[in-house]
Amino acid sequence: MTRLIVGPFNRVEGDLEVTLETAEGQVTGARVNAPMYRGFEQILEGKTPGDALVIAPRICGICSVSQSVAASRALADAMGLVPAPNGRLAANLVSAAENLSDHLSHFYLFFMPDFTRDIYGDRSWYEEAVQRFAAVKGAASKDFLPARNRLLHVVGILAGKWPHSLAIQPGGTTKAVDQGERVRLLAVLSETRRFLERVVFGDDLETVLALETPEALTAWSEEKPHSDFSRFLAMSRDLRLSELGKTPGRLMSYGAYPDEGALWLSGGLWEGGAVKSLDLNEVSEDPASAWLSGGVGHPFDSDTLPDAEKDGAYSWCKAPRLQGGVVEVGALARQAIAGNALAQKLLHEDGSTVHGRVVARLIEAARLIVQMGRWVDEFRLKDEFCVHGEMPDEVQALGTTEAARGSLGHWMVLKGGVIHRYQIVAPTTWNFSPRDASGTPGPLEQALVGAPVREGEASPVAVQHIVRSFDPCMVCTVH
Amino acid sequence: MTDAPLNVLWLQAGSCGGCTMSLLSEGAEGLAAGFETFGLNLLWHPALSLESGDEALGILKSVAAGETPLDILCVEGSILRGPGGSGKFQMVSGTGRSMASWVKELAAQARYAVAVGTCSSFGGIPSGGANPTDACGLMYNGDRPGGLLGDGYRSTAGLPVINVAGCAPHPGWIFEVLVSLTRDEIAADDLDFFARPRLFADHLAHHGCARNEFYEYKASASKLSERGCLMEKLGCKATQASGDCNLRVWNGGGTCTDAGYTCIACTSPGFEKAKNYQETPTIGGLPVGLPVDMPKAWFVALAALSKSATPERVKQNARAPHIKVPPAKGRSKP
């Protein structure tokens with residue numbers, strides 16, 4: 001047996017170290033370490049509740065809006081406040097713009113460059129991959145970055161800037177949109193849609209979204225091979241990514257984007273191939289393998305306190321569990337649980353794999369741009385964008401949302417008018433959790449077992465595909 | 001411009017990654033094109049480069065040993081010195097060494113050192129509260145000189161760390177500083193009293209604020225989402241904060257105050273220590289933080305005068321989310 005330490009593991013939004021045990025050309029065990037701790041939960045203690053809107057988003061520069069949304073919902077929950085409909089729509093749009101930008105950033109900047117590695121020099125697609133997907137300098141990143149900038153104008157118009165805005169408040173948003181701004185939003189969305197159709201999918205979004213089975217997707221991509229999505233699908237078939245990086249296949253989504261009366265993407269638990277209801281009272285965090293003191297507990301009852309010399313610990317990340325078990329979060333979970341036929345069939349046929357995670361992310365990107373146009377149309381421009389409430393001195397409150405990479409929750413306890421406890425469980429906290437007290441490894445740790453390691457590889461490429469397929473955000477993971 | 005591209009090495013210390021995310025929004029042609037145009041060669045970046053694991057480590061080691069020249073070292077994020085000075089709150093993965101020790105070693109090789117963002121400039125948000133990780137900036141602890149490298153640090157070009165403060169900084173601030181360095185156009189007197197580039201720090205965030213008419217009359221918003229001035233009641237510090245924030249557009253069209261929320265002075269050391277960001281502290285009805293360079297007596301007198309002279313249009317619009325009263329027709333031939 002050989003031990004490999006892979007780090008600095010980059011293109012993961014923060015710090016990551018993966019320790020692998022390998023034997024006979026494959027990974028036999030993995031330990032995932034999030035090696036950076038800033039103490040946001042400690043910093044938030046004693047603050048005025050509204051200050052969470054300044055501090056919490058700064059956990060993360062790539063999921064900043066998602067952190068903002070979760071914090072605003074925790075505060076709204078504390079006040080029993082329902083946001084103004086216009087504010088709800090604006091927050092959906094800002095959040096969707098961030099998630100769409102993140103999905104595409106992940107695809108173009110973080111995930112695809114790994115196919116340009118020398119190790120793939122013998123593949124038929126290699127030269128095109130290098131030309132298109134080379135890190136920083138590839139043609140695709142030059143196509144993508146201007147499109148990304150334009151898409152983020154949605155955030156500029158509705159929330160001032162990205163990242164780190166204060167526009168999203170418990171009762172709505174601070175910016176009341178006018179007629180001209182509505183048209184500017186529609187212009188950005190139509191340009192973004194054209195980028196998706198021209199470069200990412202090479203086809204009408206309606207055609208792409210009508211592909212409901214893995215077989216239909218394959219047939220379509222072979223017929224229309226000249227898009228970045230089809231290029232990925234061809235590489236994925238060649239490298240059999242639908243067999244790589246499998247987790248146990250228990251998936252969770254809190255649901256996202258409130259429409260009138262219901263969530264646009266409904267939440268739940270995917271278990272045994274079906275969608276079940278979700279009870280967040282059954283969430284716990286286990287610090288057994290983390291350099292943190294304390295025992296297993298629900299976020300309302302737990303603290304986050306460092307203990308750097310703790311025996312047996314190997315990460316700053318706690319192990320969140322649902323009903324005591326491991327769950328995976330992300331776009332594949334979100335789409336399958338919300339009823340997307342293709343995502344569900346991918347899970348039924350392959351389980352949760354590298355291939356399915358990437359496909360679900362891009363399908364969600366196409367769905368988002370269509371839905372964003374509807375939200376812009378729904379603004380009632382003469383109405384208010386923000387309502388206000390009274391903050392109680394003592395309360396416990398929960399704010400949840402879905403960041404691009406999965407479920408995000410803020411559990412807040414107020415005492416004496418200030419924040420007594422603020423616990424954040426982020427998407428990659430779930431996906432990249434270390435072992436819990438019973439020794440059960442987290443989703444990534446399980447997904448890595450069986451990954452091939454070629455002769456002489458110090459940072460195995462299969463491991464890199466698997467790790468990045470989760471679209472990790474390490475700065476959120478430990479905060 | 002120098003002929004050979006300048007080598008840029010980017011490190012993320014105790015960061016959120018937001019400075020990088022902001023920088024990625026630079027330029028109509030995209031950041032990669034901008035770097036190429038102006039001769040900036042990214043040696044390694046933790047979010048963008050291909051090299052991972054052993055390959056990345058090889059680059060860091062080569063720079064640390066002086067084998068690869070380091071023209072510009074960019075550090076994003078606070079330096080986490082704890083616990084107990086060990087730096088264990090951030091170990092650079094795969095190296096068994098703290099980020100603090102890596103930054104120290106690499107800074108000694110750098111021709112220019114740039115702190116990107118308020119965290120690496122002054123400590124930033126991670127140094128808030130009780131500062132649980134003993135976070136600091138490269139040459140500052142908040143507004144006090146010191147930090148990881150100490151007040152005496154000079155890069156090999158003879159400059160202190162250049163503090164491109166902001167949380168997150170405008171992409172243009174970062175990019176324009178990097179490009180100015182390729183032209184050797186930043187000298188000590190191009191930096192302000194906190195070593196922030198004067199290209200953005202010589203302005204106040206207030207300059208160009210779209211709420212200026214409301215400010216002139218002290219026609220104030222009392223609740224968020226109203227159009228009035230945010231200074232009197234809602235905590236806005238734009239009249240004290242460095243930055244040309246309202247002279248530029250952010251993400252194609254916005255600014256903080258234009259979007260209806262308060263300036264929290266994120267370019268200033270110590271902004272993380274504030275309390276009740278969205279409320280203005282007052283003593284005897286007067287805001288505690290008066291505009292920079294403004295004598296208190298004058299502020300009181302002018303505020304009283306302008307309040308009494310506030311046009312009805314301005315008064316009503318200040319308290320509404322949408323314009324209620326449009327400007328009067330005025331003379332048809334000015």
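A nonpolar core is a set of buried Ala, Val, Leu, Ile, Met, Phe, Trp, Tyr and Cys residues joined through C-beta atoms within 7 Å; buried means that 20 or more other C-beta atoms, placed from the backbone, lie within 10 Å of a residue's own. The model here is predicted, so local features need pLDDT of at least 70 and side-chain atom pairs pLDDT 80 or more, while totals for chains, interfaces and linings use all residues. Residues are numbered from 1 along each chain as its sequence is written, with chains lettered from A and ligands numbered from 1 in the order written.

**The core**
- Leu93(A), Val94(A), Val154(A) and Val114(B) touch the most other members of the largest nonpolar core, which has 260 residues.
- Helix H4 (residues 85-111) of chain A gives this core the most, 14 residues; helices (H or I, at least four residues) and strands (E, at least two) are DSSP runs, numbered from the N terminus.
- Leaving out residues up to four places away in sequence, Val114(B) touches Ile72(B), Leu73(B), Cys74(B), Ile162(B), Val164(B) and Val177(B).

**Where the chains meet**
- Chain B brings 69 residues to the contact and chain A brings 73, where contact means C-beta atoms, placed from the backbone, within 7 Å.
- On the side of chain B that touches chain A, H1(B) supplies the largest share, 5 residues.

**A sheet in chain A**
- Three strands of chain A form an open, antiparallel sheet in the order S1-S2-S3; strands pair if DSSP finds at least two bridges between them.
- Strand S2 (residues 17-23) of chain A pairs with S3(A) over 7 bridges.
- Thr22(A) stands opposite Val27(A) in S3(A).

Terms used: Two residues are in contact if their C-beta atoms, placed from the backbone, lie within 7 Å. A residue is buried if 20 or more other C-beta atoms lie within 10 Å of its own, exposed if 12 or fewer, and partly exposed in between; C-beta atoms are placed from the backbone.
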